[in-house]
Amino acid sequence: MNLFFRIGLCSLFKPVRFLKSDRFELRRIAISEKGMGYGREAINALIKFAFEEKKANRFWLDVYPDNEVGIKLYESLGLKKDGVLRQN
């Protein structure tokens with residue numbers, strides 16, 4: 001019996017141009033099993049790692065405006081909208 005299976009992918013990134021700052025970016029999160037709480041658990045773990053282990057002072061991510069599920073999740077975890085990217 002295999003107790004381990006892949007449910008998604010997360011990527012946390014520290015941009016080279018910000019090496020002297022304590023900023024981390026969530027570059028990608030993709031969860032294959034929707035509605036099971038895995039995304040919430042993954043984001044919580046990444047936030048905890050960034051702030052507690054790496055002593056980050058900023059956790060940054062971008063989200064498409066039509067990703068209402070993602071926006072609701074991020075807001076429920078205490079993340080705040082800091083601005084709007086006009087171009088990407």
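**Pocket and helix chat**

Modeller: Eight residues of the largest pocket's lining come from β2, and that is the largest share. Keep in mind that this is a predicted model.

Biologist: Good to know! Which other elements supply at least two residues of that lining?

Modeller: Besides β2 (23-31), you have α1, β3 (58-61) and α2, each with at least two residues there.

Biologist: How many residues line the largest pocket in total, and which lie nearest its centre?

Modeller: There are 46 lining residues, and those nearest the centre are Leu-61, Asp-62, Val-63, Tyr-64 and Tyr-74.

Biologist: And how much space lies in there?

Modeller: About 1700 Å³.

Biologist: What does the lining look like by class?

Modeller: It has 22 nonpolar residues, 15 charged ones and nine polar ones.

Biologist: Let's pick on Leu-61. Where does it sit?

Modeller: Leu-61 belongs to strand β3.

Biologist: Which residues is Leu-61 in contact with, leaving aside neighbours within four places in sequence?

Modeller: Those are Leu-26, Tyr-74 and Leu-79. Tyr-74, like Leu-61, is also on the list of residues nearest the pocket centre.

Biologist: What about Asp-82, how far is that from Leu-61 in space?

Modeller: The C-alpha to C-alpha distance is 10.0 Å, with the two residues 21 apart in sequence.

Biologist: Changing topic to the helices: how do α1 and α2 cross?

Modeller: The axes of α1 (residues 38-53) and α2 (residues 68-76) come within 11 Å and cross at roughly 45 degrees.

Biologist: What do you call that arrangement?

Modeller: With that angle, the two helices are therefore oblique to each other.

Biologist: Is the crossing left-handed or right-handed?

Modeller: Right-handed.

Biologist: Which residues meet there?

Modeller: From α1 you have Gly-39, Arg-40 and Ile-43, and they meet Leu-73, Tyr-74 and Ser-76 of α2. By class, that contact has three nonpolar residues, two polar and one charged.

Methods: Residues are numbered from 1 along each chain as its sequence is written. This is a predicted model: local features need pLDDT of at least 70, side-chain atom pairs count only at pLDDT 80 or more; totals for chains, interfaces and linings use all residues. Side-chain values use heavy atoms; hydrogens and water are left out. Axes are lines fitted to C-alpha atoms, for helices over the stretch in contact, and angles run from 0 to 180 degrees between N-to-C directions. Helices (H or I, at least four residues) and strands (E, at least two) are DSSP runs, numbered from the N terminus. Angles under 35 degrees count as roughly parallel, over 145 as roughly antiparallel, 65 to 115 as roughly perpendicular and the rest as oblique. A crossing is left-handed if the near helix is turned anticlockwise from the far one by less than a right angle, and right-handed if clockwise. Contact means heavy atoms within 4.5 Å. Ala, Val, Leu, Ile, Met, Phe, Trp, Tyr, Cys and Pro count as nonpolar, Asp, Glu, Lys and Arg as charged, and the others, Gly among them, as polar. On a 1 Å grid over the protein atoms alone, a cavity is a set of points where a 1.4 Å probe fits but cannot get out, and a pocket is an open set with protein on both sides within 12 Å along at least five of seven lines; lining residues have an atom within 4 Å of a point. Grid points are joined across faces, edges and corners, and a volume is the space filled by probe spheres set on the points.
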